Amino acid sequence: MDFKNSFLRALPAVDRILQEEPLKKIAERIPYKLLLEASQESIDFFREKIIASSSREELSNLSMDPGVIAAEAAERAKSRFFSGLRPVINATGTILHTNLGRAPLADQAVRAVTSTAECYSNLELSLENGRRDSRLAHVEGLICTLTGAEASLVVNNNAAAVFLVLNTLAEGREVIVSRGQLVEIGGGFRVPDVMKASGATLVEVGTTNKCYRHDYERAISDRTALLMKVHTSNYRIVGFTEEVSRQELVSLGRQVGLPVIEDLGSGAFYDLTAYGLPSEPTVQECLAEGIAAVTFSGDKILGGPQAGIIVGEKDLIRRFRDNQLSRALRVDKLTLAALEATLRLYHDPEKARYEIPVLRMLTADTRDLKARARRLWRHLKNRIETGDWEIKEGVSYVGGGAMPLAELPTYLISYRPEDISLEELMRRLRRGNPPLIARVQQERLFLDIRTILPGQEKEVVTTMMNAINTEE
Ligand SMILES: *Cc1c(COP(=O)(O)O)cnc(C)c1O
């Protein structure tokens with residue numbers, strides 16, 4: 001025990017550490033209180049190390065120099081003060097990466113956000129007659145024109161949209177859903193839980209792989225409020241399976257006088273099969289086939305801001321709007337600005353395809369990807385001579401709980417570092433400026449060109465160079 005005491009006594013005081021270069025250097029940029037806390041934490045960190053050590057030999061390697069303890073404190077203070085939300089480069093090849101913020105916005109949407117943010121706007125004012133107007137008036141018309149819906153409503157996200165629909169139409173009553181559609185989406189959205197929170201009772205029918213019309217029929221009673229269809233966004237049930245089609249469910253609903261609603265998840269406006277993507281029901285199709293209310297996300301395949309969009313029959317939408325909860329779930333003006341600009345682009349399908357980053361990445365031409373990947377690979381190889389560089393064919397994924405089976409052919413730049421472990425390289429890339437998020441597979445690092453936005457190549461090179469050339 002004695003050997004530890006001499007080390008513990010040698011621990012410097014906070015005042016002493018604050019005089020050291022690493023902390024003095026950042027004192028102007030970081031609040032004093034944070035420096036103080038970080039210094040105390042750093043001393044505690046060294047104290048713990050001493051206490052946990054089991055021999056004098058182990059401790060002899062521990063530097064007790066105040067400068068070293070101050071450097072640790074400076075790292076802590078910096079990472080706390082500067083650890084906010086910041087741009088990162090997505091080289092994972094997953095287009096709708098929920099952890100990386102799903103959809104990057106189109107330039108037009110970004111400009112709309114900026115101009116709405118920096119001054120006043122006619123958010124809730126009609127410029128026609130000077131009277132108060134709904135903040136949603138700016139997007140409702142666009143949504144209805146694009147989808148053929150009678151009416152629409154926008155809320156905070158799709159989870160909120162589903163919640164509002166269920167609460168309005170089925171509180172205290174029953175909603176019938178096929179067992180094969182009891183989806184869980186990353187981030188805590190689960191159909192049974194949302195149902196419960198909304199005050200509706202879930203009635204599951206069928207089995208995981210098979211559900212027939214008569215399963216629904218048998219479950220219908222005077223307590224039933226709705227028949228609900230849920231898009232199995234992030235999984236597929238394949239093999240020996242049976243689901244009731246949308247048309248059949250709608251016809252059953254009509255027969256017994258119950259509306260059919262659908263949580264469409266991603267919600268595409270266009271069929272993208274021409275670009276090699278799997279066939280997905282579009283919002284227009286769901287409405288045309290008689291769904292009374294469809295809900296979907298703004299920031300999945302649509303490529304806009306986080307939002308939940310509800311489209312459907314006029315009197316249902318009016319009831320959702322009149323529900324007191326819609327005020328609590330309402331969207332912010334910056335979201336509306338971005339959504340409106342994104343929707344406007346959809347009026348010209350070709351324009352939407354190259355102006356909306358998500359659509360551009362989804363439908364990217366393999367030859368273009370190859371050319372871009374080769375260019376970046378050459379730059380990297382020329383600048384970083386250690387390690388082994390390759391270029392390979394591979395696949396990108398849609399992500400965000402959409403099109404789970406789609407594998408989009410792409411080109412990957414692959415690297416095996418020489419002097420550091422892959423884990424260490426990934427860590428340094430995450431701490432880069434800007435941070436670079438890559439994929440690891442078969443003992444190699446992979447950069448997928450598809451999700452590296454045009455213009456980010458230079459930053460990829462500098463972050464890679466800094467990560468490989470730092471000494472630690
Ligand atoms: C993504 C998804 C949700 C949740 O949407 P958010 O906009 O993330 O709230 C709900 N249901 C389905 C089927 C989904 O795919």
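Lys370, Arg374, Arg375, Arg378 and Lys381 together form a positive surface patch. Such patches comprise residues with over 30% relative accessible area and no salt bridge, like charges being joined within 9 Å; a salt bridge places a side-chain nitrogen of Lys or Arg within 4 Å of a carboxyl oxygen of Asp or Glu. Lys and Arg count as positive, and the place of a charge is taken as NZ of Lys or CZ of Arg.

The model is predicted, with local features requiring pLDDT of at least 70 and side-chain atom pairs pLDDT 80 or more, whereas totals for chains, interfaces and linings use all residues. Residues are numbered from 1 along each chain as its sequence is written, and side-chain values use heavy atoms, without hydrogens or water.

The table lists relative accessible areas, for which buried means under 20%, exposed over 50% and partly exposed in between (Shrake-Rupley method, 1.4 Å probe, protein chains only).

| Residue | Relative accessible area | Class |
|---|---|---|
| Cys119 | 44% | partly exposed |
| Cys144 | 15% | buried |
| Arg375 | 46% | partly exposed |
| Gln456 | 14% | buried |

The structure contains zero disulfides (pairs of cysteine sulfur atoms within 2.5 Å). For Cys144, which is in no disulfide, the nearest cysteine sulfur belongs to Cys286 and is 15 Å away.

Gln456 occupies the loop between β16 (444–448) and α21 (457–469). Its C-alpha is 9.8 Å from that of Asn90, although 366 residues separate Gln456 and Asn90 in sequence.

Notes. Patch = residues over 30% accessible without salt bridge, like charges linked within 9 Å, V, L, I, M, F, W, Y side chains within 5 Å. Helix = DSSP H or I, 4+ residues; strand = E, 2+ residues; numbered from the N terminus.
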